[in-house]
Amino acid sequence: MQRYGIVIPHIAENEAMAASKKVFTREEWEKKLNDIKIRKEDMNKLVMNFFVTEGYVQAAEKFRTESGTEPDIDLATITDRMAVKKAVQCGNVEDAIEKVNDLNPEILDTNPQLFFHLQQQRLIELIRNGKVAEALEFAQEELAPRGEENQSFLEELERTVALLAFEDASTSPVGELLDISQRLRTASEVNAAILTSQSHDKDPKLPSLLKLLVWAQKQLDEKAAYPRINDLSTAMLEDPAV
């Protein structure tokens, strides 16, 4: 019975907390939302920031024409940045490095980790294409010296070279290096570095605001029952279960 003596107070406490929550009707909640004034110009800047950061140059150009919102960087640079990103995503790492240097040589000169990851990706592509001898030579000449200077680089190099030890590298313990997701991670890292070099946010603001919305709703759930947004893709308010 002592066991139930512990459980029951917890149940009672939870019920009391639920009963103490303030309940907002849809009408009340919508009125509160409508009382919050957000300038259309600020919303437009958020949209433009997303287009620019993610590289949707055509959408950015059309949105500028329709809304009159000016981007904070030259839209022509987006095309160059996306060309670099696409090259990495397609496995053309040498081409990507050349394009980055054409944009701004200091990007790789001042970011040894990024340069190592690009060279690592180049090694992965050689292994993917079955160029074993070329891969070993490249690892020894280009990556090993960097690994001697940085322990984390050395560990990543060892993991990458380990792909050569397996007949079917894709199913090996380090097979994830051959996944397309590895290319995407490297491409995203390059994209962020280019944006930073252009004094632009490396991540769009809109997703961060959506994460903040989710966090705020969770905090509010403890104190109130209200129509909440459960599906961010539709942003429809759903009545609380009370």
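Me: α5 passes α6 in a left-handed crossing. What makes a crossing left-handed?
Reply: The near helix is turned anticlockwise from the far one by less than a right angle; clockwise would be right-handed. Helices here are DSSP runs (H or I, at least four residues), strands are E runs of at least two, and both are numbered from the N terminus. This is a predicted model: local features need pLDDT of at least 70, side-chain atom pairs count only at pLDDT 80 or more, and totals for chains, interfaces and linings use all residues. Residues are numbered from 1 along each chain as its sequence is written, and side-chain values use heavy atoms, with hydrogens and water left out.

Me: Which residues make the contact between α5 and α6?
Reply: On α5 they are Asp-80, Arg-81, Ala-83, Val-84, Ala-87 and Val-88. On α6 they are Val-93, Asp-95, Ala-96, Lys-99, Val-100 and Leu-103. Contact means heavy atoms within 4.5 Å. By class, eight are nonpolar, none polar and four charged.

Me: Why is α5 called roughly antiparallel to α6?
Reply: The axes of α5 (residues 75-89) and α6 (residues 93-103) come within 8 Å and cross at roughly 160°. The cut-off for roughly antiparallel is over 145 degrees (under 35 is roughly parallel, 65 to 115 roughly perpendicular, the rest oblique). So α5 is roughly antiparallel to α6.

Me: Why does Asn-44 count as buried?
Reply: Its relative accessibility is 14%. Buried means under 20% (exposed is over 50%, partly exposed in between, with a 1.4 Å probe and protein chains only). So Asn-44 counts as buried. Asn-44 sits in helix α3 (residues 40-54). Leaving aside neighbours within four places in sequence, Asn-44 is in contact with Phe-63, Ser-67 and Thr-69.

Me: How do you know that α8 is largely enclosed by the rest of the structure?
Reply: Of its 17 residues, 13 are buried, so α8 is largely enclosed. α8 covers residues 112-128 and reaches 24 Å from first C-alpha to last, close to the 24 Å expected. The expected span is 1.5 Å times one less than the number of residues. Just after α8, Gly-130 takes a positive phi of about 75°.

Me: What makes Ser-199 exposed?
Reply: Its relative accessible area is 73%, so Ser-199 is exposed. Ser-199 is in the loop between α11 (180-197) and α12 (205-221). Its phi is near 60°, a positive value in a residue other than glycine.

Me: Why is Ala-235 called partly exposed?
Reply: Its relative accessible area is 43%, so Ala-235 is partly exposed. Ala-235 lies in the loop between β3 (228-229) and β4 (237-238). Ala-235 has a positive phi of about 60° although it is not a glycine.

Terms used: Axes fitted to C-alpha atoms, helices over the stretch in contact; angles between N-to-C directions. Nonpolar A, V, L, I, M, F, W, Y, C, P; charged D, E, K, R; others polar.
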